[in-house]
Amino acid sequence: MTDIPGFVERTLRIGTRSSPMALVQAGHVADLLRSRVPGLATQTVPITASGDTWTGSLTEAGGKGLFVKDVDLRLQQGEVDVAVHCLKDVPGDQPLPDGLVFAATPPRADPLDVLLVPEASTAASLADLPHGAAVATSSVRRRAQLLAQRPDLRTPEVRGAVGTRLEKLDGLRDGLEADAMVLAKAGLLRLGLTHRIRYEFPPTEMLPAVGAGVLAVHCRHDDDAVLAMLRLIDDPRTHAEATAERSMLQGLDGHCNSPVAGHCTTDDTGRLTLHGMVFTPDGRHTAHTQLGAPSAESAADLGTRACTELLRGGARAIIDVSAPGG
Ligand SMILES: NCc1[nH]cc(CCC(=O)O)c1CC(=O)O
């Protein structure tokens, strides 16, 4: 495994966003690669994405894809050799820039969403929050599922890195009055902040985002040395789950911040189960599907079938209700 051609003298440059969470993710991929490729030198290259400095609405700025695109463009231009992304942030409705491939994913982190409260609050779940309480989130998927359980809640927007959001929740920074906040457990795990978790939403209460907890490692399609290396850190089970969830999302042709959820799991026999859901922004109308497939080989087909089921259940009209400006 040491004799990956082309990498004797080369340092692997790992492109990433510059947020604390993104830097941890890039470091994790670097550690995995160095453990598989003895003698490999790596260098993390933080890239300030236009999304990081934009303070307006994400929809206006061209969607979440901004965070990913800037790093991928550097990869395309040859300034870095791989790009590490949260798969969740990779748009489902746009192809990767020319010449790039999703080459590998390390094992998935917990994909669930969790509830956090200000340090001084004693609330232990949504049920403890008063009528009309404010639960901060910027995700239409989380908002819809919060409102489905508690239509009385207000759901103010919150942006910024996870640490910044927590400081806002705790009142250490201006700009937010909220009784609680919903974040991804995976991000808190990476930042060592799981002690702030008050409640974990089971998938029956809040179905996770497509690709939640999954890191996507992109490289150039013709970079054989890097492709060979990335193959060594790919987790086939995570890859299959991600493939199923993403193929469902792609078939739905949602816009960049669609209220879509998708959660694929694998049992001990290798059998896949995919849950998919779409929501209106108020959470009052949904389409839902749950389908299985015997093995990882049929992951893409599983996603396509789930998409067909959702469309049959009225997903198109549900998604269009929440389209920007619609
Ligand atoms: N949209 C931001 C984002 N992208 C990925 C994660 C968390 C890590 C993951 O789910 O992979 C987060 C933070 C959050 O949603 O709380």
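A: **The ligand shell**

The shell around the ligand takes at least three residues from each of domain 1 (1-106 + 214-234) and domain 2 (113-200); domain bounds come from an automatic or database domain assignment. This is a predicted model, in which local features need pLDDT of at least 70, side-chain atom pairs count only at pLDDT 80 or more, and totals for chains, interfaces and linings use all residues. Residues are numbered from 1 along each chain as its sequence is written.

Around the ligand are Cys86, Lys88, Asp89, Val162, Leu183, Ala184, Ala186, Gly187, Ala212 and Gly213 (C-beta atom, placed from the backbone, within 6 Å of the ligand). Two or more of the shell residues come from each of β7 (180-184) and α7 (185-191), elements that are DSSP runs numbered from the N terminus (helices H or I, at least four residues; strands E, at least two). By class, the shell has six nonpolar, two polar and two charged residues. Here Ala, Val, Leu, Ile, Met, Phe, Trp, Tyr, Cys and Pro count as nonpolar, Asp, Glu, Lys and Arg as charged, and the others, Gly among them, as polar.

The chain also has domain 3 (236-326). The C-alpha centres of domain 2 and domain 3 are 25 Å apart. Seven residues of domain 2 and ten residues of domain 3 make up the contact (C-beta atoms, placed from the backbone, within 7 Å). On the domain 2 side, four of these residues are nonpolar, one is polar and two are charged.

Leucine 230 touches Val82, Ala103, Ala104, Val217 and Cys219, leaving out residues up to four places away in sequence.

Key: Two residues are in contact if their C-beta atoms, placed from the backbone, lie within 7 Å.
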